[in-house]
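Me: Please go through the local geometry of this model with me, from strand pairing to helix packing. I would like each term defined where it is used.

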Amino acid sequence: MPAGAKGDTDKRPGSRVAVGRRVFLGMGVLGAAGVVFGAKVQNVLGNALGSGLGGLLPGGDRFRIYTITGSYPRVSEADYRLEVSGLVHHPQIFTLADLKAMPSTSFVQEFQCVTGWTVPDVHWEGVKLSDILDNAGVKQGAVALSFESYDGADSESLTLDQARLPDVIVAYRMLGAPVTTEHGGPVRLYVGPMFGYKSLKWLSAIRVVDEVIPGFWEQNGYPVNGWRDGSTGPTDRSLS
Amino acid sequence: MTTQIDAAPQSAGRILRFDGVQRAAHWANALLFGILMLTALPLYFPSLSDVVGRRALVANIHVWSGVALPVPLLISLLGPWGAQMRRDLRRINVWTNEEVKWLRSLGRNAPRVVDKFNPGQKLNAIFVGGSIVVMLATGFILKWFRFFPVNWRTGATFVHDALAFAIFAVVIGHILFALTHRDSMRSMITGWVSETWAARHAPGWLREMRARPERDQLP
């Protein structure tokens, strides 16, 4: 019997409609519309519900926790050290107290993962990376920074120009509290103009180097320059 | 059972509801859904990800189970062995007006005559099929995001997450129905139902089978 050949107009009790195909295609169309317009829907709904209730939306307003090693490295605030070395006049080892004694900066920004999920209105506080570089005194010939993590596996890179942007910080507070272990505490990098993978967690060392050394995610195919506007050159609109 | 007497073969016999291909497809599909749902939890809930650890491994299992997801259904449908699978797909696709009324009334107006599958079972199967396509497509965008604009990635995350919530609800419902309808569940394990069961739950199908018993019972 040809399914649904007569369509909806046939109301005889024995007549048949291809509901399966319609629901199936409907799901596909809804899914496609959700992909194209989902970001907008999420914004509108999130705003309508307020930031608290926005967390109830699937996919909205919440972090997914990424680790590349088996578990989180656990470093106490007392044991925490940040080594700054390489092409600098004054190599230094910072404790958390040292960092907190420096001038601090704080701001609120949306956090965005390269795979698409976002967390609106994340509060950040820490030391501008440019201040740390100025204190250490960058030598002639230095081009980039190489970052290392307490997890022993993750690494990241920034050019010196990128590192000096005002929303690139060594963060010790996030979401209004000390950075938690799952978010990369006690101290993590936060690179505001770029996707989340550039904001290396459990920051242990900053080396000033004479070339860009691609980090862990970059070695796995992610762009070295992961600007949020999608550009992948060494500069984006904010620099050029 | 000793009542295989000529006088009343219809009432005492049993009929094949799901052949081996269908059962294999169902359980392979169920296994993949189970793996995907279990691995989804630590990927989504930070508290669980801390307990489970090894995120890269969990994510890999999730991604490759997802890639494999359409395989059991496609193999069972497209091969020369899939005649009954294809027949049942047509049954699931085609709804009587009474069944459409059931859907429009959100389950209140039950159809008088139930075919092999009731409209709820049909809807479940359609939902599973649609979910596979949508989850596979959005999952592909999340995994191979480089090929898609940033706002599509956000939209794909939204759809993947929202549909995941729906899938959990539907699958849990499906399992609860199975556990409370043992004869029905047994037919997905052994393939067979009694004609007594069919007379009660799928009279339209039973009538059809009596008229053309060979139709669904070909080896």
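Reply: Two strands pair if DSSP finds at least two bridges between them. Strands (E, at least two residues) and helices (H or I, at least four) are DSSP runs, numbered from the N terminus. This is a predicted model, in which local features need pLDDT of at least 70, side-chain atom pairs count only at pLDDT 80 or more, and totals for chains, interfaces and linings use all residues. Residues are numbered from 1 along each chain as its sequence is written, chains are lettered from A and ligands numbered from 1 in the order in which they are written, and side-chain values use heavy atoms, with hydrogens and water left out.

Me: Which residue of strand 7 of chain A does Ser146(A) stand opposite?
Reply: Strand 6 (residues 144-149) of chain A runs antiparallel to strand 7 of chain A, and 5 bridges join them. In strand 7 of chain A, the residue opposite Ser146(A) is Ser157(A).

Me: Which strands stand at the edges of the open sheet of chain A?
Reply: The open sheet has 5 strands in the order 3-2-11-6-7 (chain A), with mixed pairing.

Me: What is the bridge partner of Ile169(A) in strand 10 of chain A?
Reply: Strand 8 (residues 168-174) and strand 10 of chain A run antiparallel and are joined by 4 bridges. Strand 10 (residues 188-191) of chain A is covered on both faces, with Arg188(A) and Tyr190(A) buried on one side and Leu189(A) and Val191(A) buried on the other. Buried means under 20% relative accessible area, exposed over 50%, and partly exposed in between (1.4 Å probe, protein chains only). The partner of Ile169(A) is Tyr190(A).

Me: Which residue is joined to Gly185(A) by a cis peptide bond?
Reply: The bond has an omega of about 10°. The residue lies in the loop between strand 9 (177-178) and strand 10 of chain A. It is Pro186(A).

Me: Is Leu106(B) buried or exposed?
Reply: Leu106(B) has a phi near 55°, a positive value in a residue other than glycine. Its place is the loop between helix 7 (97-104) and helix 8 (119-143) of chain B. Its relative accessibility is 72%, so Leu106(B) counts as exposed.

Me: Which residues does Thr115(A) touch, leaving out those up to four places away in sequence?
Reply: Thr115(A) sits in the loop between strand 4 (105-112) and strand 5 (118-128) of chain A. At a relative accessible area of 10%, Thr115(A) is buried. With contact taken as heavy atoms within 4.5 Å, Thr115(A) touches Tyr66(A), Leu142(B), Phe145(B), Arg153(B) and Thr157(B).

Me: At what angle do helix 2 and helix 9 of chain B pack?
Reply: Two packed helices are described by the angle between their axes and the distance between the axes. Helix 2 (residues 20-44) and helix 9 (residues 150-180) of chain B have axes 11 Å apart. The angle between them is about 130°.

Key
Axes fitted to C-alpha atoms, helices over the stretch in contact; angles between N-to-C directions.
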